[in-house]
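Work through the exercises below with the structure open. Try each task before reading its solution.

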Amino acid sequence: MRRFGHKHTGNGCVICTLDQSGLRVTKHRQLLYETLIELDQPFSAEKIHGLVKEKAVDINLSTVYRILEHFEKKGLINKSLIQDNAKAVYGIRNNEHCHHLLCTVCQQIITVGGCPLDGYSEFLAKHYNYKVTGHKLEMYGVCPACLEKESNND
């Protein structure tokens, strides 16, 4: 859809991305998506809400959750659950396939490139005559900083 007064700015154009996904472009959606692009790792809705509010935009946390749900349904972002506290974190989906390491102590998330499951997915597809359409791998553990804190407390 062409927008009056909008000049396409290339692949990274937030308005075009939202528009092409079929979402109505609103100030809140645009700002939230821009904020997610700026982040280098997934964050909780509460953290994202705080970052958006720092930009002097009045937005409710419930609105942030609703927008994040829409973004996930449209395939614009990834949602991951942190195992111990069942808290969701959200990050921008790019074309690069990746997985995550999640620290169960400090909730730090590290995005990991490469995929050890590619061959396994093919095996499962052949073995079970199944069309595998995707997968998600999240490893839980304790990051080096938290391990060091634990060893210093011993």
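**Exercise 1. The end of a helix**

Which residue just after helix 3 takes a positive phi?

*Solution.* The model is a predicted one. Go to the stretch just after helix 3 and check the backbone: Ala 56 has a positive phi of about 65 degrees.

**Exercise 2. The overall layout**

Count the helices and strands, then write their order along the sequence.

*Solution.* Start with the count: the protein has six helices and six strands. Next, read along the sequence. The pattern is α-α-β-α-α-β-β-β-β-α-β-α. Then turn to burial: of the 154 residues, 32% are buried. Finish with the contacts between residues at least 6 apart in sequence: 43% of them join residues at least 24 apart.

**Exercise 3. The buried side of helix 3**

List the buried residues of helix 3, explain why they lie on the same side, and find what covers them.

*Solution.* Step one: helix 3 spans residues 45-54, and its buried residues are Ala 45, Ile 48, His 49, Leu 51 and Val 52. Step two: these residues cover an arc of only 165 degrees around the axis, so they sit on the same side of helix 3. Step three: the cover includes helix 2 (27-38), strand 1 (43-44), helix 4 (61-73) and strand 3 (87-92).

**Exercise 4. Helix 3 against helix 4**

Describe how helix 3 and helix 4 pack.

*Solution.* Take the geometry first. The axes are 9 Å apart, and the angle is about 115 degrees. Angles of 65 to 115 degrees count as roughly perpendicular, and helix 3 and helix 4 are therefore roughly perpendicular to each other. The crossing is right-handed. Now name the residues in contact. Helix 3 supplies Ala 45, Glu 46, Ile 48 and His 49, while helix 4 supplies Leu 61, Val 64, Tyr 65 and Leu 68.

How values were computed:
Residues are numbered from 1 along each chain as its sequence is written. This is a predicted model: local features need pLDDT of at least 70, side-chain atom pairs count only at pLDDT 80 or more; totals for chains, interfaces and linings use all residues. Side-chain values use heavy atoms; hydrogens and water are left out. Buried means under 20% relative accessible area, exposed over 50%, partly exposed in between (1.4 Å probe, protein chains only). Helices (H or I, at least four residues) and strands (E, at least two) are DSSP runs, numbered from the N terminus. The arc is that of the directions from the helix axis to the C-beta atoms. Contact means heavy atoms within 4.5 Å. Axes are lines fitted to C-alpha atoms, for helices over the stretch in contact, and angles run from 0 to 180 degrees between N-to-C directions. Angles under 35 degrees count as roughly parallel, over 145 as roughly antiparallel, 65 to 115 as roughly perpendicular and the rest as oblique. A crossing is left-handed if the near helix is turned anticlockwise from the far one by less than a right angle, and right-handed if clockwise.
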